[in-house]
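Open the model in a viewer and keep the selection panel at hand. The stops below go from the contact between chains to single side chains.

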Amino acid sequence: MKPRSDYELSLWRRLVRFVDGETLADVERRAEENRESDAKNQQMADAEAEKRFEQEEKEDREDRKRRLELEHEKEAKSLLEKYKNWPKEHGVKIFGRLYAVMAVLLCAIVITTLLVTVSYLPEYGSPDNPNNNEVVEKYNKDGLYDTGATNNVASMILDYRAFDTLGESHVLFVAAVCVMILLRLELTKDGKPTDVKRAEEENDRLYEPKNDKILQLSAKILVPMIIMFGIYVILNGHLSPGGGFSGGAIIGAGLILYVNAFGFEKAKRIMNRKNYAIISVVPLLFYAIAKGYSFFTGANHLESGIPTGTPGAILSGGLILPLNICVGIVVACTMYHFYTLFRKGGM
Amino acid sequence: MEWLRFCVVALFLTASLGMAVISVAGVFKFKFILNRMHAAAIIDSFALLLAMIGVAVAYGFNFATVKVVLIVLLVWVASPVSGHLIARLEVTTDKHLSEECEVRE
C-alpha cells in the first residue's frame, strides 16, 4: 500500500517526526531510497513479466505449431484415405486399358511392317531371283552324281559345305561346355556328390514327378519308339528329309522323357559323365579328321575314298552317313546334357 | 461325288475350328489352372481328331492316312500324360488349392 503524496506533510506525520527526532530531509532521503528500490523492483518485475510473456508466447507458438502439424497430419491422412485405393480402383483399370491399346498398336505395327516387307520380296520361283545363280544350278544338277545322296540338302550340308556343319556341331559342343562352366556342381574328391548337390536332389524330389506310374507306363511305350524314330531319321538322312540335327534332337527328347519318368539313377547306366565325354568328343574328332582338311584343300573336296554307291541304297553317299551319325550323336548328347545341367547341375 | 466329299471335309474342319475356338476361349476365361487345363485339352483330343478326319477324307485313303492316325494316337497318348503331370505339379505346389476345388484330405 502506497501512502498519499502529501502524507509526509500531514499533521500526524509532523507530530511523529517531532517525537522520533527526524527532519524532513531524512524523510525525503528515505523516500528517495524507497523510490529507487521501487523502481528496481518494478524493473525486475517488468523483466520477469516480459520473460514470462516471452515464455508464454513461445509456448503459444509451439502450441500453434503442434496444432498445425496435427492439422497437416490429419489432412495427409484424409488424402491417403482418399487415394489409398486409387491404384486398385482406377490405376489398374487405366493401365489395363493402356496395355491393351499398346498391345494392339504394337501388333498392328509389326504386322504392317512384315506385310510391307513381304510385298517387296521377289516373286517365288521367278527366274530373276538372286538365289537362282550358278551355285544352286551346280548343286541341283551334279549333287546326285557327285555325292550319291538322293537328299540334296544332305549332300549340300555334309559334303559340299561340310566345314559349315563342322563349325555348327562344334558350336553346340562349345555351348554345352559354357553352360557346364556356369551351372555344373562339383563332386567331392572321392567322387561323391557334395552337400549342395544332394540338397538339389532332395529339392528335386519335392516338385518333379518321380516314380509316377502313369508317366512310366507311357514312357515305356513311347521312349523306344521315339529313339528308334530318331535313329531312322539319322540313318535316312541322305535319302529323305531329316539328318543328324533333327534326328539328334528327337533322340535327345526321348532321353529327356526317359529321365523324367525313371529318374537319374537309371539313366546314369547309359549316360554318365564319363560316357558323355567319350560319346560327344569322339564323333567331333572323327568329323574334324574326316572333313577338317577340306579347309586347306579348298574347292568341293568330295573325295573321301569311300565309294558313293548306288543312290537310294542305305549304304551310299560316301561320308554323308557317318557324318550324319556323328552330328546326331553330338546333338542328342548336347540336348540331354543341357537338360541335366539346368535341372540339377550335371549328370 | 466330289462336292459331297468337299462338304464332308468342310463340315469336319469347321467343327474342328469351332472346338478350337471354344478351347481357346476357355483357356482365357477360366481363372484356375485345373479348369484351364480342361479347356485346353479339348484341342488335343477332339479338335485334333476332327481335323485329322477331315484331312484324311480330303486326300483319300493312302499311306498318309496311316501317318495321320499315328499322329492322333501319339497325341492321345502324350497329352493326357502331360496333363496329369501338370495337374500333379499344380496340386503339389499350390498352397491355396482349396479355393480352386474340393480337396479330400
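Buried area is the accessible area (1.4 Å probe) that two parts lose on being put together, summed over both. This is a predicted model, in which local features need pLDDT of at least 70 and side-chain atom pairs count only at pLDDT 80 or more, while totals for chains, interfaces and linings use all residues. Residues are numbered from 1 along each chain as its sequence is written, chains are lettered from A and ligands numbered from 1 in the order in which they are written, and side-chain values use heavy atoms, with hydrogens and water left out.

**The interface.** Select chains A and B. Together they bury about 810 Å², 76% of it on carbon and sulfur atoms. In contact (heavy atoms within 4.5 Å) are 9 residues of chain A and 9 residues of chain B.

Next, select B:Arg88 and A:Asp212. Their side chains form a salt bridge at 2.6 Å, N to O; the term stands for a side-chain nitrogen of Lys or Arg within 4 Å of a carboxyl oxygen of Asp or Glu. The count between chain A and chain B is 1 salt bridge. On the side of chain A that touches chain B, helix H7 (195-207) and helix H8 (213-235) of chain A each give two or more residues. Helices here are DSSP runs (H or I, at least four residues), numbered from the N terminus. H8(A) supplies the largest share of that side, 4 residues.

**Helix H1 of chain B.** Select residues 2-29 of chain B, which make up helix H1. Its buried residues (under 20% relative accessible area, 1.4 Å probe, protein chains only) are B:Val9, B:Ser16, B:Ser23 and B:Gly26. Show helix H2 (33-59) of chain B as well: the buried residues of H1(B) pack against it.

**Salt bridges within chain A.** Over all chains, the whole structure has 8 salt bridges. Select A:Asp159 and A:Lys291, whose side chains meet at 3.2 Å, N to O, in one of these. A:Asp159 lies in helix H5 (residues 152-160) of chain A and A:Lys291 in helix H10 (residues 273-291) of chain A, so the pair ties together parts 132 residues apart in sequence. Both A:Asp159 and A:Lys291 are buried.

Then select A:Asp63, A:Arg66 and A:Arg67, which are linked in a network of salt bridges.

**Last stop.** Select A:Thr340 in helix H12 (residues 320-344) of chain A. A:Thr340 has a relative accessible area of 0% and is buried. A polar atom of its side chain lies 2.8 Å from the backbone oxygen of A:His337. Leaving out residues up to four places away in sequence, A:Thr340 touches A:Phe264, A:Gly345, A:Gly346 and A:Met347.

Conventions: Expected span 1.5 Å × (residues − 1). Buried < 20%, exposed > 50% of the residue type's maximum accessible area, 1.4 Å probe, protein only. Polar contact = N/O pair within 3.5 Å; in protein donor to acceptor, adjacent residues only side chain to side chain.
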